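Subject: Structure for you to look at

Hello,

I am passing on the structure we talked about. Please open it first; my notes on what was found come after it.

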Amino acid sequence: MKSFKTQSKRVLDLMINSIYTNKEIFLRELISNCSDAIDKLYYKGLKEGISGLTRNDFSITVIADKQNRTLTVSDNGIGMTAEELENNLGTIARSGSLAFKTENAEDIKDDDINVIGQFGVGFYSAFMIAEKIEVYSKAYGSEEANLWVSKGAEGYDIKPCEKAEHGTKIVLYVKPDTDDDKFSDYLEEYRIRSLIKKYSDYIRYPIKTEVTKYKEQSETEQKDGMPRESYVELETLNSMTPLWKKNKSEVTEEEYDGFYKDTFFDYEKPLKHVHVSVEGNVSYKAILYIPAKAPFNYYSKSYEKGLKLYTDGVLITERCADLLPDYFSFVKGVVDSELTLNISRETIQQSRQLKLIGSNIEKKIKSELLDLMKNDREKYEEFYKAFGLQLKYGIYQSYGMNRDVLIDLIMFKSVKEDKYVTLKEYISSLGEDDKFIFYGTAKTVEAVKALPQSEKILDGGKDILCFADEVDEFAIKMLGEYEGKTFKNILSEDVSSGEEDEKINLENKGVLDQIAGCLEGKVAKVKLSSSLKNRPVCLSSEGEISLEMEKVLSQMPNGAEGVKAQKVLEINPSHEILEKLKRVYLEDKDAVKDYAEILYFSARLVSGLSVEESSKTVDKIIDLISK
Ligand code: ADP
């Protein structure tokens, strides 16, 4: 069989220009290689009992030289012989690191070795920013050092060179700036520092770079306005051990909070953190946070959900959205797992692994929230005030599919007690025969109390839930019922109808029909209702669409305006207005029209519905009271 011929120039070109979307990752790749090289030597030291090779003896340095436009990345790891340079850097897609992992698979598991490389292409990403690369390397235990030089696709040379210490030094000759790319940026101290922090913060060996510092000044020097003298010093930039890899018992509350504030740019400390370490089908470590307040843009399109995803301590994505369902989009945090990455290490190859982690995280968040609800109700309510709306949207948007996850987490204010209750708590006070979970839609508990039908229900010893958010009634429609009890808007027509009113409605059928006739197309029914207590009139609704839903729908941008509630005009039989209506009806049937319109107009106003032809109706009111 013949083997495939590759055009290495083309392949290298592809490597350099096609697989990465983000040039800045070259530094992450080189530093990962350094870390691998050190790991290999550390492992050798352990295995062969060589002294002087403890973790503290190793480091990685990144040094920029602006004058010569070079960026140098060095390590004192295992280094490469001439042959290894040839094999590893002369063959694209050959990974010495993968070979190392495969050969030592059994042993390295236990020795806390963490070799990152696997595809054999990361190194070449440096050609995205460098026009020439020199690799000086001296294998551990060898007397000779070698230099590998390449300007990219044309090829490479290897020749002996001088190098005092074992390890590898990579010199990048940074490309000249173009209109599109300011490559010289990679020589700036702030840029190097931020790249190391961003991608390589948890590499387990110190990464040092030159940091400019300023000498202290005496008071007189300050007074004289002398410029402060500066000097450069090597400083370790990375935090090395990620917080999430530590044991919970080793991490203080301040450290958790500090990490949250620094990583997610929040001034306020989080409401709660959860540190998870899962081993099994899928293994990962994570720290999840529930913020104390909703970010200013939380309930808008500009908010992006997601968790920071690391693999082996190296950042893969800043915001992995697949790890969080929308209804838990408020959660912030980091996840670290050994995942199968795709070749650019910018995305994950297998979404199945992510899905597993995601569903695991979802369960974890739910159980933590339930725990909070049970053990620290005050804190839970604080959480709920910030993010409860999102949970209710979660039920609504999925047509109730997320019911099981969310139903135990939602709460409404009880009108009776003016405090939050869960649905479980509400029904716990119901008798077997009670069929309904009553709710009223209004912004506050006081406003629900003021609804005409509330009094009768509350007097009967029943509680009412206050549905204060627009989404509430829609979300509840998705649920339909809870534990066999049906949700019931107190402004439904059938709530107010009682047998006691049957007779009086029959007796007044004439005038009521006359009013209904005048309001044809506006109301479905007109009736007398003693549940109004002190109120003269109100509106209720029949069927699925409530008055509140009509209101919300009519405000939607792409108009569900046609959707109307089937309205019922209810009149209080013990109010003087009934006598007046009867008299007018007897004297002149047609004169009932003005009264009917005014009653309907007033009832709409009381219900917060928009009123049409208001000036005409107001004129009628003034006319009538002037008589
Ligand atoms: P990967 O890291 O995925 O294996 P690279 O293209 O980045 O792929 O590197 C190819 C190989 O070159 C590595 O597997 C390793 O054997 C070798 N190598 C790269 N950088 C170094 C280094 N700093 N020290 C020692 N060996 C290195």
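The side chains of Glu 544 and Lys 477 meet in a salt bridge, with N and O 3.9 Å apart. This is a predicted model, and the count of salt bridges between domain 3 and domain 4 is 1.

For orientation, the protein is divided into domain 1 (9-236), domain 2 (243-381), domain 3 (410-490) and domain 4 (498-627). The contact between the last two takes 12 residues from domain 3 and 17 residues from domain 4. Together they bury about 1300 Å², 57% of it on carbon and sulfur atoms. There are also 3 residue pairs in polar contact between these domains. On the domain 3 side, helix H14 (454-459) and helix H15 (471-479) each supply at least two of the touching residues. That side divides into 3 nonpolar, 3 polar and 6 charged residues.

The count of salt bridges comes to 40. Some of them:

- Glu 507 and Lys 503 pair at 3.6 Å. Both lie in helix H17 (residues 502-507), 4 residues apart, about one turn of the helix. Glu 507 counts as exposed because its relative accessible area, 56%, is over 50%; Lys 503 is exposed too, at 59%.
- Glu 548 and Lys 551 pair at 3.0 Å. They lie 3 residues apart in helix H19 (residues 547-555), and both are buried.
- Glu 24, Lys 182, Asp 185, Arg 191 and Lys 198 are linked in a network of salt bridges.

Regards

Methods: Residues are numbered from 1 along each chain as its sequence is written. This is a predicted model: local features need pLDDT of at least 70, side-chain atom pairs count only at pLDDT 80 or more; totals for chains, interfaces and linings use all residues. Side-chain values use heavy atoms; hydrogens and water are left out. Domain bounds come from an automatic or database domain assignment. Contact means heavy atoms within 4.5 Å. Buried area is the accessible area (1.4 Å probe) that two parts lose on being put together, summed over both. A salt bridge is a side-chain nitrogen of Lys or Arg within 4 Å of a carboxyl oxygen of Asp or Glu. A polar contact is a pair of N or O atoms within 3.5 Å; within protein, one must be able to donate a hydrogen and the other to accept it, and residues adjacent in sequence count only if both atoms are side-chain atoms. Ala, Val, Leu, Ile, Met, Phe, Trp, Tyr, Cys and Pro count as nonpolar, Asp, Glu, Lys and Arg as charged, and the others, Gly among them, as polar. Buried means under 20% relative accessible area, exposed over 50%, partly exposed in between (1.4 Å probe, protein chains only).
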